[in-house]
Amino acid sequence: MALFSFLKKKRSITLVLGGGSARGIAHIGVLKVLERERIPIDMIVGTSMGALIGASYALGISLDHMEKIACAFTTNKLLDPAVPRMGLLAGKRLEAVVKEITENKGFSDCRIPLAVVATDIERNEEIVYREGDLSKVIRASCSWPGIFNPVRIDGRLMVDGGVKNSVPTKIAKELNSDYILAVDVGFCVKRGKIENIFQMILQSFQIMGHELNKYQAREADGTIEVDLGDIDQTAFNRARESIKIGYAAAEAQIGSIKESLGI
């Protein structure tokens, strides 16, 4: 029994952070609990907002600093309207925000191995990045089709990783993880009248993501589910509330996670 316990403690842990745009800010609260409980993270796999927060954490940026940036953030910082050929927004401001948060560092600066998931929209393929231009890769992983212009990387037209993998547990399995801990912030599917193209695209993402999450999050060895209620993907003004909810959710579920890990 002692030997079995020892082996369980030595299993490598891969943290999978799902997408969710503004809802994904709750990942900061979850990470605070994992850090407090000294849960060792050996790899991070992220998509969309999970990629941004996961990368920042892997780079060693403090959670307090991330929280400060998140709570001061406004949607206006992302607005750079474009002639609508492939997206309503150019995405240059999004990339600038990514560079600011990650301090313009790269994959080689990560203290924890990092994998970022994005989608090749032309070939219907998910691509996992572990090297390259980190800011551009995260920008691609956060780019909702139709809202942000896609990003051309190595000849591929890349968009949000959540199109195929809203909680990329499958990718973590392919990377030979011993124990996969996923964080699922869910989606906010609303009922009501759709009045413009932005609402149409956003609602489509909510419905698609909600269905994907039902299956993808279950593939993890342990899952922290965060119920954010009516906080939707654009509610950056509720960042502080999202972080508190993420913290409370992790606090409530950390006991069972530690038990399954044998620690």
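This is a predicted model: local features need pLDDT of at least 70, side-chain atom pairs count only at pLDDT 80 or more; totals for chains, interfaces and linings use all residues.

Colleague: Which residues of α5 are buried, then?

Modeller: The buried residues of α5 are Leu94, Glu95, Val97, Val98 and Ile101. Around the helix axis they cover an arc of only 155 degrees, so they sit on the same side of α5. Lys92 and Glu100 are on the other side.

Colleague: And what covers those buried residues of α5?

Modeller: The cover includes the helices α3, α4 and α6 (134-141), together with the strand β6 (146-148).

Colleague: Is asparagine 104 buried or exposed?

Modeller: Asparagine 104 is exposed, because its relative accessible area is 53% and the cut-off for exposed is over 50%.

Colleague: Where is asparagine 176, and what is its phi?

Modeller: Asparagine 176 is found in the loop between α7 (169-174) and β9 (179-184). Its phi is positive, at about 60 degrees, and asparagine 176 is not a glycine either. With a relative accessibility of 65%, asparagine 176 counts as exposed.

Colleague: Back to the helices. Which residues of α4 are buried?

Modeller: Helix α4 spans residues 63-72, and its buried residues are Leu63, Met66, Glu67, Ile69 and Ala70. Viewed down the axis of α4, these residues fall within an arc of 165 degrees, so they line one face of the helix. The face turned away from that buried side carries the exposed residues Asp64 and Lys68.

Colleague: What covers the buried residues of α4?

Modeller: Among the elements that cover them are α2 (26-36), α3 (49-58), α5 (92-101) and α9 (239-261).

Colleague: You mentioned α2 and α3. At what angle do they pack?

Modeller: Helices α2 and α3 pack at an angle of about 35 degrees, and their axes are 10 Å apart. The crossing of α2 past α3 is right-handed. On the α2 side, the contact is made by His27, Ile28, Leu31 and Glu35, while α3 contributes Gly50, Ile53 and Tyr57. Sorted by class, the contact has four nonpolar residues, two polar residues and one charged residue.

Colleague: Let us change topic. How many residues are in the largest nonpolar core, and which touch the most other members?

Modeller: The largest nonpolar core has 73 residues, and those touching the most other members are Leu15, Leu34, Ile44, Leu114 and Val226.

Colleague: What is leucine 15 in contact with?

Modeller: If its neighbours within four places in sequence are left aside, leucine 15 is in contact with Leu31, Leu34, Ile41, Met43, Ile44, Val45, Leu181 and Val183. There is also a second, separate core of 11 residues, which includes Val16, Ile171, Ile180 and Ala182.

Colleague: What about glycine 19? Where is it, and is it buried or exposed?

Modeller: Glycine 19 lies in the loop between β1 (13-17) and α2. Glycine 19 is buried, with a relative accessible area of 9%. Not counting residues up to four places away in sequence, glycine 19 touches Thr47, Ser48, Met49, Gly50, Ser166 and Val185. Glycine 19 and glutamine 233 are 214 residues apart along the chain, while their C-alpha atoms are separated by 9.6 Å.

Colleague: And which residues does asparagine 149 touch?

Modeller: Asparagine 149 is located in the loop between β6 and β7 (151-153). With residues up to four places away in sequence not counted, asparagine 149 touches Ala82, Met86, Gly87, Leu89, Ala90, Arg139 and Ser143. The C-alpha atoms of asparagine 149 and glycine 87 are separated by 4.3 Å, and these two residues are 62 residues apart along the chain.

Colleague: Finally, what does the chain as a whole come to?

Modeller: The secondary structure of the protein chain comes to nine helices and 10 strands. Of its 263 residues, 54% are buried. Among the contacts with a separation of 6 or more, 75% are between residues 24 or more positions apart.

Notes. Residues are numbered from 1 along each chain as its sequence is written. Side-chain values use heavy atoms; hydrogens and water are left out. Buried means under 20% relative accessible area, exposed over 50%, partly exposed in between (1.4 Å probe, protein chains only). Helices (H or I, at least four residues) and strands (E, at least two) are DSSP runs, numbered from the N terminus. The arc is that of the directions from the helix axis to the C-beta atoms. Contact means heavy atoms within 4.5 Å. Axes are lines fitted to C-alpha atoms, for helices over the stretch in contact, and angles run from 0 to 180 degrees between N-to-C directions. A crossing is left-handed if the near helix is turned anticlockwise from the far one by less than a right angle, and right-handed if clockwise. Ala, Val, Leu, Ile, Met, Phe, Trp, Tyr, Cys and Pro count as nonpolar, Asp, Glu, Lys and Arg as charged, and the others, Gly among them, as polar. A nonpolar core is a set of buried Ala, Val, Leu, Ile, Met, Phe, Trp, Tyr and Cys residues joined through side-chain atoms within 4.5 Å.
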